[in-house]
Amino acid sequence: MRSLREIFANTNRVVRNPGLGECWEWKGYRHRQGYGTTPYRAQMVYVHRIIASLLIAPIDGKCVRHICDNPPCCNPAHLITGTQAENMSDLADRGRIGILTDEEVVSIREAASSGVVHAELARRLGVSVSAVRAVVIGRNHKHLP
């Protein structure tokens, strides 16, 4: 396994704070949600996933979660693997995603069918446009009308 020194050698894209207790922020290109990305094998990949796969454990089929709740952080001491359910629970616990009630889901579907745009519904409820879209097209909350 490669050392941290080898992985981060000659890069100015990571700002490392002293010690492992501090975030190491990726200063290169970032995804719109703040996660560091870099080209790898002809595609853009998340930096924290590369770090986790090299230094923590194989990540096949797993999520890489930030215990620091700082998307650009790539400090391996702040990364753990887990399931998608655990990742979503982390986001909800930290207030980074809104959890929609059944009533809100029905309301979203009714409002969208009457022409209210997804962005407006997302703003009203404090969730992402993609969350609203998933409700409207029936990908989420399939048990509701």
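Ala112 is buried, its relative accessible area being 19%; buried means under 20% relative accessible area, exposed means over 50%, and partly exposed lies in between, with a 1.4 Å probe and protein chains only. This residue belongs to helix α4. Helices (H or I, at least four residues) and strands (E, at least two) are DSSP runs, numbered from the N terminus.

Leaving aside residues up to four places away in sequence, Ala112 touches His118, Leu121 and Val136, where contact means heavy atoms within 4.5 Å. The C-alpha atoms of Ala112 and Val135 are separated by 9.9 Å, the two residues being 23 apart along the chain.

## Basis of the model

This is a predicted model, in which local features need pLDDT of at least 70 and side-chain atom pairs count only at pLDDT 80 or more, whereas totals for chains, interfaces and linings use all residues. Residues are numbered from 1 along each chain as its sequence is written, and side-chain values use heavy atoms, with hydrogens and water left out.

## Overall architecture

The protein has six helices and six strands, arranged along the sequence as α-β-β-β-β-α-β-β-α-α-α-α. Of its 145 residues, 33% count as buried. Among contacts between residues at least 6 apart in sequence, 41% join residues at least 24 apart.

## Packing of α4 and α5

Helix α4 (residues 102–113) packs with α5 at an angle of about 150°, and their axes are 10 Å apart. Axes are lines fitted to C-alpha atoms, for helices over the stretch in contact, and angles run from 0 to 180 degrees between N-to-C directions. The two helices α4 and α5 are therefore roughly antiparallel to each other; angles under 35 degrees count as roughly parallel, over 145 as roughly antiparallel, 65 to 115 as roughly perpendicular and the rest as oblique.

The crossing of α4 and α5 is right-handed, a term used if the near helix is turned clockwise from the far one by less than a right angle, and left-handed if anticlockwise. In this contact, α4 supplies Glu104, Ile108, Ala111 and Ala112, and α5 supplies His118, Leu121 and Leu125. By class, these residues are five nonpolar, one polar and one charged; Ala, Val, Leu, Ile, Met, Phe, Trp, Tyr, Cys and Pro count as nonpolar, Asp, Glu, Lys and Arg as charged, and the others, Gly among them, as polar.

## Packing of α5 and α6

Helices α5 (residues 118–125) and α6 (residues 129–136) pack at about 110°, with axes 8 Å apart. That angle makes α5 roughly perpendicular to α6.

Helix α5 passes α6 in a right-handed crossing. On the α5 side, His118, Ala119, Leu121 and Ala122 meet Val129, Val132, Arg133 and Val136 of α6. This contact has six nonpolar, one polar and one charged residues.

## Nonpolar cores

In soluble globular proteins, nonpolar side chains tend to be buried together. The largest nonpolar core here has 11 residues, including Leu100, Val105, Ala112, Leu121, Val132 and Leu144. A nonpolar core is a set of buried Ala, Val, Leu, Ile, Met, Phe, Trp, Tyr and Cys residues joined through side-chain atoms within 4.5 Å.

Helices α4, α5 and α6 are the elements that give two or more residues to this core, and α4 gives the largest share, four residues. A second, separate core of 10 residues includes Trp26, Ile51, Ile59 and Val64.

## A positive phi in a loop

Asp69 has a phi near 60°, a positive value in a residue other than glycine. This residue is placed in the loop between β5 (63–66) and β6 (79–82). Asp69 is partly exposed, with a relative accessible area of 27%.
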